[in-house]
Amino acid sequence: MKRALKSLFMAGTMLAISFGSAAAQDKVSIAAISGYFAQGFGVSIVNGLNKAKTDFGIDLKLVDTGNRALDYEEQFENLAKARQYDLIFVMGWELVDSLQKVAKEYPDQRFVFIDGVLDNPNMIYANFAEEQGSFVAGALASMIEAKGSEFPKIGDGKAIGFVGGRDIPVIRNFLGGYEQGAKYAAPDVKVNSVFAGTFDDPAKGSELAQALYGQGADIVYNVAGPTGEGVMQASAAADKYSIGVDIDMCGSAPGNVLASMLKRGDIAVYTLIKDEVEGRKVTAGTRTFDLASGGVEVKVCDDIAPTIPADVTTKLDEIKKGILDGKIEIAKAK
Amino acid sequence: MVSNAGSPTLHMKAEMAVALTGITKRFGAFVANDGIDLAVRRGEIHAIIGENGAGKTTLMNILFGLLQPDEGSIRLNGEETVVTGPAVAIKAGLGMVHQHFKLVPSLSVADNVFLGMEIRRHGLIDHAAQIARTRELSKRFGLQVDPTERVGLLSVGIEQRIEILKVLVRGARTIILDEPTAVLTPQESRELFQTLRSFVAEGMTVIFISHHLEEVMEVSDTVTVLRNGKKVATRPTAELSKDELVRMMVGREVSFDRRPRAPSRGEVVLQVEELWARDDRRLPALRNVSFTVRSGEVVGIAGVAGNGQTELAEVLSGLRPASHGIARLKGRNLAALSPREIRRAGLAHVPGDRMVRGVDRNASIAANMLMGRQHRAPWSSCGVLNWTVISQNASRLIKDFDIRAQGPGDAVKRLSGGNIQKVVLAREFTNDADFLLIDQPTRGVDIGAQEAIHDEIMRQRAAGRAILLISVQLDELAALADRILVMFNGRIMGEVAGDGADEDRIGMMMAGVAAPELAAEPA
Amino acid sequence: MIRDRLRDVSGQIIAVAVALLLGAIIILLVGESPVRVLMTLLRGAFGDQEKIAGTLLQTTPILICGIAACIGLRGGMFNVGIEGQLFLGGFAAAWVGFAFPLPPGIHMLAALALAVAAGAAWVAIPAYFRARYNTNEVVSTILSNYVAVLLTSYFTIFLFKRPGGWSETPPILATAYLPEIFAFSRLNWGLAIGLVLALGAALIFRYTSWGYGVTMVGSAPKFAEYGGVNVKRQGFVVLLLSGAVGGLAGGVETLGVHHRFMEGFAPGFGFDGLIAALLANGSPVATIFTALFFGALRSGSLLLEVDTSASREIITVIQALIILSVSAQVLVRRRGDSQAGERRWKF
């Protein structure tokens, strides 16, 4: 009898639980829209979204915009009209116009624009302190370069390089941080920078990187999307060093990739969704993900890490600390 | 001579490389091959000759397994064989060189020769062996090629040699060549004939399709003549003369059913002086052709197909430039005019290849009858078509020319061959043109329609038109023409008066025997 | 004649039906319900007035590009370069739109006129080589697409970039806007331009001497040549007109929707238009319906990806299947025709 009661009680509880969760209308619902989910930074965002989905059981909708400008507005409209999504993550500058228009039509819908800030105070911006990460990358590169022939594959120790996708403000911000970091850590090392003019041309990237290597730069930092893939390949071909960006690129050219400056899109979206799930509603304004929050970081490749001289590692840690406690100030170029 | 119905006797079996009995092939209502018997002895060059459309290629495609006969049987090397496909034929030692080559331009000669049956060593293609074998074969049979050269860079004549080598490499003992000289220069043709002779010297058999008398006389041991899908005869070449051959090709039963006529010669409408032109291979196709056509007369052009008639028609209608000489239509130099201007100057043209040049098969009768007059009143004004007029006009022509169709909206492709030709005639004969260029008006047309078409041509003559009638059918020319010019190899061999048309003399000239006493003089 | 018509149309319908059937099977394979996908597509394409307007908005460039393709097909010319002509037309219109202030109306017309000229000029190169050296226009127009897309990218990024903008030109002035038809949608008078073009092209082909000549060159070139039509010149003119309409399509997109030129803004419309025209068998009026069909598919697919778990790419797959079945059907029919045609002479 007691046992029967107990099982009845159990069944009741389970029913209540299942009923309760079915009734929970406040289950967080997230959409994300971009044309870049399959590449680089987009992949890291998808990773973060999926992790959030596993951890918090949120509803998740991914929408690939494709590449027809005509479609964008309708796609935002369809998402916003459903009034179903708590947050809609948006990535990609070509979407800005359509986003602004639809955001105006649906003022209650919260949009999170990733990796940039627009002139709309009602939107949420997930921003990255690229200049901090680039500063560290620049410092690392210039210190290694300054070692000259002490370090394998390094030549005269006078210059490092930078290949940007297009000459636009975001990329300038990377370059600025990189240059300041290089100057801070090893003032004698010069930074040679070029812009490919495109994010979609690996051949061009390879060509430009080879030119930089030819001019005596031994380490080239790429901030150029798929164009940058060519830079990584060129470093293998020339047996020099490259530094990856956005995601971990150590696998692109093992032994020739020094490090990657990671923009942790996954951490950014995960953090925002976590806040939302835990009841801290994300509100309009800019959220910057920096060294402190783990939003940007420089990851030295595993195969290179043991060869980094101790003084460089020490100095690098000092620099990071300096940035964290504000002793080192980095000018932004935005 | 092979008896008509009898099957080959036992001792002949071994001797015969190929024996076809009672082969019949129909395409719809059309009988392409009608009970054809053919026996080819081992070790001979056997020519199959006949006009275009006589059924030569169909017969060979049946022999090689590309088509299945509706009736009849095939024996290869004495064995009854059902040739279900080329693979069966190749296995039985047959090889066919088609009119159109199937080579891969980016591969070398040797690679092409061995394509599909590469010589392998350790699983890889043994190029050296392929090249050596190609070289050996080419030397043995006088087929000069460089095995290492890329096919895309070679001339048509050499491509043909490669096709022959392909056939040899596949072990053929009986080789079929479909109009092999059609694409060759005279020099290349002579070389080909030497090769063919070297084949029979080695005990191989050659079947060779042609409509050129000269080369048949020159190279073959035996000739089979086909006409309208039937076999006319098989004879040893040595027993035949050229004009006999011509007669067999174009038909013994030339009926001189001459149309009555009143004399009505008027002014010179077309004047052709020393005209030369080249064919698509850039070889001379017209050589020094001169003649005139007057209003109210029908001038016939006789000749075996392919002796320059097509090119003559094309030059006169502005579709092919003359390389030398002059043609004047009512005093205007045709060389200076576009096809459209020539039409406006007074040409109406019934083309020989009516399905390609004469009509748009997919368009309606009305639309077909509009061609050439779409810029003129009453069919259009200020560039806008008047479909009511066009349609009414078409309806009237359908009635006047007795075209069997439901109405002007009917697609031309729904009509029979004879009715399609009537659509062309109706359009061209009602253009008020002074000069009618009529090329093969009754080819592929049934007897009833032929009569009607001939009547119409005579009506045009009576109306004072100048008519140039090109035909390979002697009876047609004899029935209609006032004068007949005979063409051979791009030249006019002579002129015969229509009412004195003498089969033998025309035949001699068609075979290339000059008749100096009858040489054409501008009338 | 009616039987012919029926046979032709039945071929197209079978082609589309086969494609949709295969599409349904694929949808089943990815674990969605074809019925639900179909209902969502319909709702996304025609669900309410905004959706219908959205469908027409998608239809407009496909329709205009389709007319461009029809003009070529009629004259026996395969203009596969509409894509490139659209890009150049789009850029040209934007340039007039932002660089030359003109009175309202005139400004718009001037921008459209330059778009037309740009499209025609761009196709003039392959058209000239076709007429002069008999170069295959399919290859040369396809290749000219790449040059056009990259050339407009170059113009946009290096010469006319909006300061601080994302590889796009400055916005055009409002005087050059192609006005919107309704307040609730971006649908603009470009649709009307497309419809007028379709009807105009149909009338010209049917009711003018010139159109008759072009049609004959397309369906029986040797016959046309024999009948006195200047086949080479006609081919050149036809390609030029086709390119001009392709340029106009770009102008309409720029002036009606985007109000500026963006690098790589509209990939694939040229090809969609070509498919619509092929499916319509080269008939401009039928192209209105095939373009609407593709426009509805595209527009519906935008809701599809939000409301179901099926990917929008399923539409691309269906479209590809339609191309396959249409071209297979065209090949079969051609073969039937040519056999019937040659049978008489070649034995």
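**Close-up views of a predicted model**

**View 1. A cluster of aromatic rings in chain C.** In this predicted model, C:Phe87, C:Phe91, C:Phe98, C:Tyr154, C:Phe155, C:Phe158, C:Phe160, C:Phe261 and C:Phe265 are joined into a cluster through ring pairs. Over all chains, the count of aromatic pairs comes to 28.

**View 2. The ring pair of A:Phe162 and A:Tyr178.** The centres of these two rings, A:Phe162 and A:Tyr178, are 5.9 Å apart and their planes stand at 45°, so the pair is classed as tilted. Because A:Phe162 belongs to strand β6 (residues 159-164) of chain A and A:Tyr178 to helix α6 (residues 169-185) of chain A, the pair ties together parts that lie 16 residues apart in sequence. A:Phe162 and A:Tyr178 are both buried.

**View 3. The interface of chain C and chain B.** Chain C brings 28 residues to the contact and chain B brings 47 residues, while the area buried between the two chains is about 3300 Å², with 57% of that area given by carbon and sulfur atoms.

**View 4. The salt bridge and the polar contacts between chain C and chain B.** One salt bridge is counted between these chains, and in it the side chains of C:Glu225 and B:Arg357 meet at 2.7 Å, N to O. Across the same interface of chain C and chain B, 15 residue pairs are found in polar contact.

**View 5. The side of chain C that touches chain B.** At least two residues of this side are supplied by each of α1 (2-29), α7 (190-207), α8 (209-219), α9 (221-226) and α13 (313-343) of chain C, and the largest share, five residues, comes from α9(C). By residue class, this side of chain C divides into twelve nonpolar, six polar and ten charged residues.

Terms used. Residues are numbered from 1 along each chain as its sequence is written. Chains are lettered from A and ligands numbered from 1 in the order in which they are written. This is a predicted model: local features need pLDDT of at least 70, side-chain atom pairs count only at pLDDT 80 or more; totals for chains, interfaces and linings use all residues. Side-chain values use heavy atoms; hydrogens and water are left out. Contact means heavy atoms within 4.5 Å. Buried area is the accessible area (1.4 Å probe) that two parts lose on being put together, summed over both. A salt bridge is a side-chain nitrogen of Lys or Arg within 4 Å of a carboxyl oxygen of Asp or Glu. A polar contact is a pair of N or O atoms within 3.5 Å; within protein, one must be able to donate a hydrogen and the other to accept it, and residues adjacent in sequence count only if both atoms are side-chain atoms. Helices (H or I, at least four residues) and strands (E, at least two) are DSSP runs, numbered from the N terminus. Ala, Val, Leu, Ile, Met, Phe, Trp, Tyr, Cys and Pro count as nonpolar, Asp, Glu, Lys and Arg as charged, and the others, Gly among them, as polar. Rings of Phe, Tyr and Trp (its six-membered ring) pair if their centres lie within 6.5 Å; planes under 30 degrees apart count as stacked, over 60 as edge-to-face and the rest as tilted. Buried means under 20% relative accessible area, exposed over 50%, partly exposed in between (1.4 Å probe, protein chains only).
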